[in-house]
Amino acid sequence: MKKIIVLVMLTLLSFACSNDDSSSSNQTISLKINGENVTATVTQAFMYKSQSIDRQTLFIEAENDNYKFNLKLIDEYNSNDNSFLNGDYDFANIYSSLDYSEFFIYYKVSGQTNLYHYPDSSLYNVNFCDGVANKISATFSAYLTSVDGEDITVDGVLVPYIIEITEGQFNNIEYTVTEI
């Protein structure tokens, strides 16, 4: 139970805090949202490591004019370096494994950033991770549904009930590391 509470607190804290030196403005993610090509600039990328709960979590936040994205990879603690193993990180493993992933999309509407969707699935395939240079590359996909249960319109912006993320990728994203 202690591990779950610490993980939830880390998740909430991580997206509330800012770390200005964790990324540069030329780092991007690209993806398709329901078939539409989208690119976003990485605004934060950082890893929290905790040996006491045997976890490390990588957070990547990216934004454009319409969306804010939160990408998260969770793995068991790596005492050798600051890397993730190459391979799949699946949201389906959230309750049964040490390695899993999450993906959230926020809509920017009328000066507000709002979360309408929660993941039903997300899958990342890490194909490169350098734990010395703290760089990572991966492809990803996700399937999210809205808590509203149907398409809605918010201040003239359509918020669909279902969001399917395909062809997602990021390459050589630099991240900072904090041992907690």
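Tyr118 has Thr145 of strand 9 as its bridge partner. This is a predicted model, where local features need pLDDT of at least 70, side-chain atom pairs count only at pLDDT 80 or more, and totals for chains, interfaces and linings use all residues. Residues are numbered from 1 along each chain as its sequence is written, and side-chain values use heavy atoms, leaving out hydrogens and water.

**Strand pairing**
- Strands are DSSP runs of E, at least two residues, numbered from the N terminus; two of them pair if DSSP finds at least two bridges between them.
- Strand 8 pairs with strand 9 (residues 135-146) in the antiparallel sense, over 12 bridges.
- The two form a hairpin with 4 residues between them. In the turn, Asn134 has a positive phi of about 55 degrees.
- Strand 8 (residues 117-130) also runs antiparallel to strand 5 (residues 87-90), joined by 4 bridges. Gly87 has Val126 of strand 8 as its bridge partner.

**Ser146**
- Ser146 lies in strand 9.
- Ser146 counts as buried because its relative accessibility is 6% (buried: under 20% relative accessible area, 1.4 Å probe, protein chains only).
- Beyond neighbours within four places in sequence, Ser146 is in contact (heavy atoms within 4.5 Å) with Tyr116, His117, Pro160 and Tyr161.

**Nonpolar core**
- A nonpolar core is a set of buried Ala, Val, Leu, Ile, Met, Phe, Trp, Tyr and Cys residues joined through side-chain atoms within 4.5 Å.
- The largest has 38 residues; Phe69, Phe103, Ile136 and Phe170 touch the most other members.
- Outside four places in sequence, Phe170 has contacts including Ile29, Ile60, Leu71, Tyr124, Ile136 and Phe140.
- In soluble globular proteins, nonpolar side chains tend to be buried together.

Conventions
Buried < 20%, exposed > 50% of the residue type's maximum accessible area, 1.4 Å probe, protein only.
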